[in-house]
Amino acid sequence: MAFRYSGIFLSLGYLLVISLWKTMPVQVEWGFCLLLLATLGIPHGAADHLLAQKLASQANKTFGIFSFLGKYLLVMLLYGSLWYVSPLLSFLIFIAISVFHFGDLETSGKQNLHLSRIQYYLSLVRSMILGTGILGFILSQHAQEVSRILQNFDLGVVISFDALPVSFYILCILVGYQKDHKTYFIHTAITLLIGTYLPILPAFICYFAGCHAVYSLKVLSTSLEINLTTLYKRLIPFTCLALVMGTIYVGFVSEEKWLAHAFIFLSILTMPHFILMHQITIKKPE
């Protein structure tokens, strides 16, 4: 299906635009990224209430939407508070969960209920290795741009993302490869390669929305047994809510730091989503 090639089409399309439009304003880049975030990035996490309901049903537990929202918002509040107390620790946690989440989804096409304990822990290691390769490749190929963005995170230290050679991240990607997920692997690899010719924001968003979010929606559609169109419609309310919350949050920060705080808000949304998605892709053995 065409959606499988979303990352490739989006990155190629953007590359064509910037090749032809030499004086394109940066606002167009921001608008492109915001559009993909609103239509794919945020929606792939807006099914968490459906996911939690399914997990509760599997465990023969009751599910209450208000209880779920209360716990969900509490996790966001706690992690958001940690950003206020310790930006560096929060940033490192965000990188860690992003690495694991990207690798976890790329190596898990559906929930696996039959892993042995050894297989389970090996899958965790493989997820970390693959996620390190994916995120590390993106950041290392745009190290100078990333450094400029990080200046507005107030981390207190300088983090260099080009300290390791790109071959290290390529090796991580190859080690994390699984034959069963060859299609995902090839599409992700091509998207990442095209991204080396793009600025950091569109390079990241083309992977995040066009690969990660699309794969996630496919996994959710299969796991929840809901066709993709119906599922997407059911995601609209919580997508809109997240966008409104994000807009309000970013509206309270200075204009110079809005991009850094947009990523901070994305990290706050990611934390509870990451916890739920790991449960649906890989089940820990008893």
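View 1. A search of the whole structure turns up 0 disulfides. The model itself is predicted. A disulfide would need a pair of cysteine sulfur atoms within 2.5 Å. The next two views take individual cysteines.

**View 2. Cysteine 172 and its closest cysteine sulfur.** Which cysteine holds the closest sulfur to that of cysteine 172? That sulfur belongs to cysteine 211. The separation is 18 Å, so the two are too far apart for a bond. Cysteine 172 counts as buried because its relative accessibility is 10%, and buried means under 20%.

**View 3. Cysteine 206 and cysteine 33.** For cysteine 206, the nearest cysteine sulfur is that of cysteine 33, 7.4 Å away. Cysteine 206 is in no disulfide. Is cysteine 206 buried or exposed? Cysteine 206 is buried, with a relative accessible area of 1%.

**View 4. The helical fold.** The protein chain contains 12 helices and 0 strands. The radius of gyration is 18 Å, close to the 19 Å that the globule rule gives for 286 residues, so the protein chain is as compact as a globular protein of that length. Along the principal axes, the C-alpha atoms fill a box of roughly 55 × 45 × 40 Å.

**View 5. Packing and contacts.** Of the 286 residues in the protein chain, 47% are buried. Among contacts with a separation of 6 or more, 80% join residues 24 or more positions apart.

**View 6. Surface and charge.** The protein chain exposes about 14,800 Å², and carbon and sulfur atoms supply 68% of that area. Its side chains include 17 positive and 12 negative ones. The centres of these two sets lie 13 Å apart.

Conventions
Residues numbered from 1 in each chain as written. Predicted model: local features only at pLDDT ≥ 70, side-chain atom pairs only at ≥ 80, totals over all residues. Heavy atoms only, no water. Helix = DSSP H or I, 4+ residues; strand = E, 2+ residues; numbered from the N terminus. Rg over C-alpha atoms; globule rule 2.2 N^0.38 Å. Buried < 20%, exposed > 50% of the residue type's maximum accessible area, 1.4 Å probe, protein only. Contact = heavy atoms within 4.5 Å. Areas by Shrake-Rupley, 256 points an atom, 1.4 Å probe, with all protein chains shown as cover. Lys, Arg positive; Asp, Glu negative; His and termini not counted. Charge placed at Lys NZ, Arg CZ, Asp CG, Glu CD.
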